[in-house]
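Morning, everyone. Please have a look at the structure on the screen, and then I'll take you through it.

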Amino acid sequence: MTWLTWRQFRTQALIGIGLAAVVAAVFLATRGSLLAMARDSGYTGCTADCDKLASQFLRQVEGSIYGRLLFNGSVLLYLTPALIGLFWGAPLVARELETGTHRLVWNQTVSRQRWLGVKLGAIGLASVVVAGLMSWAFTAWASPIDRAGGWIQPENFTVRGVVPMGYAAFAFVAGVAIGMVMRRTVAAMAVTLVVVAAAIFLSMTFLRPHLVPQTTLQGTLTAESIGGISLSREDPNRVIRVEADAPVRNAWVLSNTVITTSGDLFRGPYDPAKCGPDATGGRDSCAQWIASQDLKQKVIYLGPEKFWPLQWRELGVFLVLSALLAIFCFWWIRRRVA
Amino acid sequence: MTSVVVTEGLTKRYGRRPALADCTLDIPAGHVVGLVGPNGAGKSTLLQLICGLLRPSAGRLSVLGGEPASGSARLGFVAQDTPVYSGLSVEEHLRFGAHLNPSWDDQLAHERVDRLGLDPKQKAGKLSGGQRAQLALTVAIAKRPDLLLLDEPVAALDPLARREFLQGLMEYVAESGTSVVMSSHLVADLERVCDYLIVLVRSRVRVAGEVEELLATHHRLTGPRIDPEALGPGRAVVHARHTDVQSTLVVRSSAPIEDPAFSVDGIDLEDLVLAYMSEAAESGRDRVLEKQR
């Protein structure tokens, strides 16, 4: 069974692991010069003005080859699980069913469960290794950028650390299960793409914020921390919206609101003498007036120190999902497939 | 005599449509069994039930004295359209067999490939239909099964490849004594090799028995027009065709028919099968005839 699995998978395995090795090599090779750039910019080891130096460094990265590497690496890591599900997962059983070769192989002296078990185990492991290798190299490479710009923000978090391995395992097993149920390789590939993209998106937006305890910060709203003010001139209710700058650096801000002492969202009404088109003092007097209203800024966020606990938990969720799908595959191949 | 396959009321439904209905059979060991019926009669379903690829919806099935299970060492199966891995070479198919079957007879496999003149390096996808079927058969028999199942193995082959395939099969059976069940929708394919016949039409078994016995107990009667019911006891009319003045009947009777009103002829296997097929196609009622033992 090992021989057969290797014989049928070797081309894809070599392509996948070869590509991952090349990608990893590129990032590991350019890691030193990126670190040097961070040092030269004065950001690494800074003692004062760190925020300014960090954004300077990030701007410098954006304009250099590293900006393109960062973008391409992210895209590649977003695509990896989908590609694994499409090309390794979906055809695994579907192609056998399509060509009728399942009737050949399942009539050798090997049970279907064992056949599926070896294939799921070996290729699932290869999926995790490929995603893990790329993610490890990319995460290590991007560490100076992440220290300056944050790594817990969802678009970065998804392509860092250990979660790509969970996505890869999930995408592979989902592809296998979908192919097994649909029995058509191409259709199964299309559905797998949708399912994998949806799963990662849903996890990013709905699941991830709740996997670790959120931090809530409340502080007095000052005129300096006001970021944006919007109001409507014709509104008889004189509704005003106030946005405040986030006081925490490199965090994933889940909500940032301005509230009154009773805890409600501040909506006005504004004083037409201070704010709005008829006021004479301009923006400053409006901001002063808002600050005098005894308002509080309430920020709910996940700080960068939550990165690893969150990574492990999301990995766990996807590994559990993969295991459930694998159990379904074993059940289906016993009961329904012929 | 031991039986290789025993079924009792075996039924397989896909949704509500029965692919095989209430099939009761007892296939004795040591035979080459022909399973004949039109396309869609349920032949593939029966074979896949026997080899454990499908699970019955109802009824009992025992294969080689046990529950059928795919992955059994004692069963060889050549599926419809003789699937092989197109990306694997002939040699790799033999390695495939050797790796996946503890009972693999490597010498037999290589001898067969040599004798057939297959190039071991050739990809199976580039073989002709006949060569592919031969390769699939080689993989199935090198496993040294006690029961070999073949699902329409020659349906897609040209007459020469057909003859070669059946010849190879017969040589192996003569040498090994393996029991074989082989399906086809053409009686001509089976006539040459089978000594036991099962006729399956529209998901039901119409007749089953040893070929010699079937031929001895079926008669063609030609005579004046007669109501088939009036033929008397012990004589079952399989098929009747009437003109205004004349009736042609195919009758099953264990005793010889000596009726001066009719001219009684023997019947060949093809006509016998056709009689059962057209009877099933014409009559609404489903007559199931079993071999009386």
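**Domains and contacts**

Let's start with chain B, which splits into domain 1, residues 3-201, and domain 2, residues 212-282. Keep in mind that this is a predicted model.

How far apart are the C-alpha centres of domain 1 of chain B and domain 2 of chain B? They lie 33 Å apart. The two domains do touch: 8 residues from domain 1 of chain B and 7 residues from domain 2 of chain B make the contact.

Now the domain 1 side of that contact. Two elements of chain B give two or more residues to it: helix 6 (187-191) and strand 8 (196-201). By class, this side of domain 1 of chain B has 7 nonpolar residues, 1 charged residue and no polar ones.

On to the record. A UniProt entry, unreviewed, lists residues 5-227 of chain B as "domain: ABC transporter". Over residues 5-227, chain B is 33% helix and 30% strand. The end C-alpha atoms of that stretch are 38 Å apart.

Next, the contact between the chains. Chain A puts in 17 residues, and chain B puts in 24 residues. Which elements of chain A give two or more residues to the side that touches chain B? They are helix 1 (2-40) and helix 4 (102-105) of chain A. Helix 1 of chain A gives the most, with 3 residues.

Definitions and conventions: Residues are numbered from 1 along each chain as its sequence is written. Chains are lettered from A and ligands numbered from 1 in the order in which they are written. This is a predicted model: local features need pLDDT of at least 70, side-chain atom pairs count only at pLDDT 80 or more; totals for chains, interfaces and linings use all residues. Domain bounds come from an automatic or database domain assignment. Helices (H or I, at least four residues) and strands (E, at least two) are DSSP runs, numbered from the N terminus. Ala, Val, Leu, Ile, Met, Phe, Trp, Tyr, Cys and Pro count as nonpolar, Asp, Glu, Lys and Arg as charged, and the others, Gly among them, as polar. UniProt positions are given in the numbering used here, feature names are shortened, and annotations may be inferred rather than shown by experiment.
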